[in-house]
Amino acid sequence: MPNILNTALNMSQSVLEQGLIYALLALGLYVSYSVLNFPDLSVDGTFPLGSAVTAVLIARGVNPWLCLPISFLCGAAAGMITGVIHVKFRVTNLLSGILMMTALYSVNLIISNGSSSLFIMSPAMGKIFTGRLAGVFPPVVSKLLIILICVAAVKLLFDLFMKTKCGMMLMVCGANEQMVKSLSVDSGKIKMLGLALANGLVALSGCLMCQYKYSFNVGDGTGSMVIGLASVIIGMTVLHKVKFLKNTTKVIFGSVIYYACIKIALNLGLPPHFLKLIIAALFLLMLIFNNKILKGVKEDA
Amino acid sequence: MLKLENIYKTYNPGLINETKVLEDFSLTVPKGQFVTVIGSNGSGKTTILNLICGTIFPNRGKIYLGGKDITAMTEYRRAKHIGRVFQDTQKGTSPNMTILENLSLADNKGRFYGLTPGVNRKRTNYYKELLAPLGLGLEDKMNVLAGSLSGGQRQVLAMVMCTMADIDLLILDEHTAALDPKTSELIIELTNKIVREKGITTLMVTHNLRHAVSYGDRLIMFHRGAAEMDLSGEARANVDVDDLLDRFNHISIESGN
């Protein structure tokens with residue numbers, strides 16, 4: 001009996017850990033999809049971009065904490081380019097993302113010097129989970145606490161940003177682009193900025209995941225958009241009546257819930273290569289559920 | 001002062017659906033004048049508004065605002081000097097933000113939207129003072145999302161946001177057309193009040209002939225890309241809705257409608 005309990009505890013801990021790491025990915029999707037109203041597919045490339053950059057930097061002895069802002073900036077640069085393709089060259093939003101995602105696949109391999117996976121297993125290669133901060137906490141929960149600190153810090157900074165004039169402009173741009181122009185602001189620049197922020201967050205998530213799993217894999221990014229978007233929609237749907245929670249909080253909860261669902265499905269005995277199928281099926285379920293709830297809300301009104 | 005000089009505008013040039021909308025069109029609106037513009041569909045009214053606002057650009061000709069050549073200026077740069085209220089009541093406000101947030105953003109127009117707080121609570125009372133005289137009770141709904149307001153309320157909010165900053169020109173693009181008759185009357189009254197109080201140069205396009213004759217100092221009727229009628233002063237004062245209808249019918253018969 002204690003064995004089962006132990007397994008369950010271990011499982012819920014790893015669900016929390018990975019769910020929280022994916023929460024940053026979900027926050028990125030929240031920015032592009034929900035705030036900016038831009039279906040951005042470049043995230044499938046920027047998530048492993050964050051991982052690749054991190055794996056290479058750590059192997060070269062760069063401080064693992066420093067990898068976080070560097071990954072963010074790399075992702076932001078990629079997002080910015082997606083924005084430029086869309087705004088300056090007038091390519092549709094969907095295609096701009098697909099172009100960027102495709103290009104990034106090679107870019108990620110270039111960064112990893114051609115290898116499709118890199119490992120940062122050696123204890124000599126510092127990870128944020130093995131550093132001095134990790135030593136402060138009891139070893140069992142140190143990973144979880146470090147992830148929690150990172151996610152909480154990012155969330156708080158993001159919430160602060162959304163209250164600034166610049167952040168509010170992002171919100172306006174997604175809801176009413178004409179108003180951005182009417183306020184004498186270049187809506188193209190706002191979109192580029194939003195995409196940079198979104199992909200920066202996604203790459204940051206990739207960076208944390210790389211340090212958590214001790215590895216980078218070029219295929220890791222496939223389905224990032226679906227995972228992130230599913231988390232956003234779950235968070236907003238399941239918790240849509242909870243008025244006192246901020247959207248960002250709901251998205252973080254959504255990510256943990258979604259990851260838990262995947263974990264449960266896998267633990268019901270499905271082999272790991274069913275993963276992407278489960279991801280897609282769960283997302284479809286959520287979309288159907290979401291449409292039902294939204295319909296219900298409309299009929300109420 | 002607004003000046004359009006020898007404007008040419010052709011849609012789809014060289015194609016089978018080529019449409020010449022404006023040919024050698026000129027218009028001068030002195031500072032502070034309130035112009036009402038009427039005209040049937042396809043007469044070129046909207047094209048002219050879009051040219052002035054920079055949504056589209058002329059093939060030839062020059063546009064001046066306040067003595068400055070703005071012909072090649074992008075829409076968002078012009079918006080610093082031009083306020084526009086649309087027929088679509090959704091276009092003037094951001095539905096996912098409260099009245100207070102919408103007003104705060106409009107209050108910052110022309111300045112940098114950086115990393116300072118978006119809402120300055122100290123200005124709340126000033127915003128309330130702007131809204132209170134309009135009599136819609138919007139001043140008590142500062143924390144209500146703009147998206148949950150009625151079309152009329154949103155249009156009033158859009159008007160206030162448009163005229164908050166000092167602008168050289170106000171463009172009203174059939175801004176009462178999507179509203180019910182009662183709200184439409186309310187908005188047109190408020191429009192007149194705001195325009196007169198601030199003395200803003202204004203171009204108001206409307207399909208409501210009574211509004212066209214009752215408000216403004218000058219009336220222009222467009223037909224086939226030209227001013228078929230351009231009345232000001234006494235001639236403008238003596239015109240009534242029936243005169244306009246007669247002229248409209250006359251034009252329609254001419255063009256075989």
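**Sheet and cysteines**

Tutor: Chain B has an open, six-stranded sheet with mixed pairing, in the order β6-β7-β8-β3-β9-β10. Strands pair if DSSP finds at least two bridges between them; helices (H or I, at least four residues) and strands (E, at least two) are DSSP runs, numbered from the N terminus. This is a predicted model, where local features need pLDDT of at least 70, side-chain atom pairs count only at pLDDT 80 or more, and totals for chains, interfaces and linings use all residues. Residues are numbered from 1 along each chain as its sequence is written, chains are lettered from A and ligands numbered from 1 in the order in which they are written, and side-chain values use heavy atoms, leaving out hydrogens and water.

Student: Which are the edge strands?

Tutor: β6 (82-85) and β10 (226-232) of chain B, each pairing on one side only.

Student: And how do β3 and β9 of chain B run?

Tutor: Parallel, with five bridges between β3 (residues 34-39) and β9 (residues 218-223) of chain B. B:Ile38 has B:Met221 in β9(B) as its bridge partner.

Student: Is A:Cys173 buried or exposed, then?

Tutor: Buried, at 5% relative accessible area; buried means under 20%, exposed over 50%, partly exposed in between (1.4 Å probe, protein chains only).
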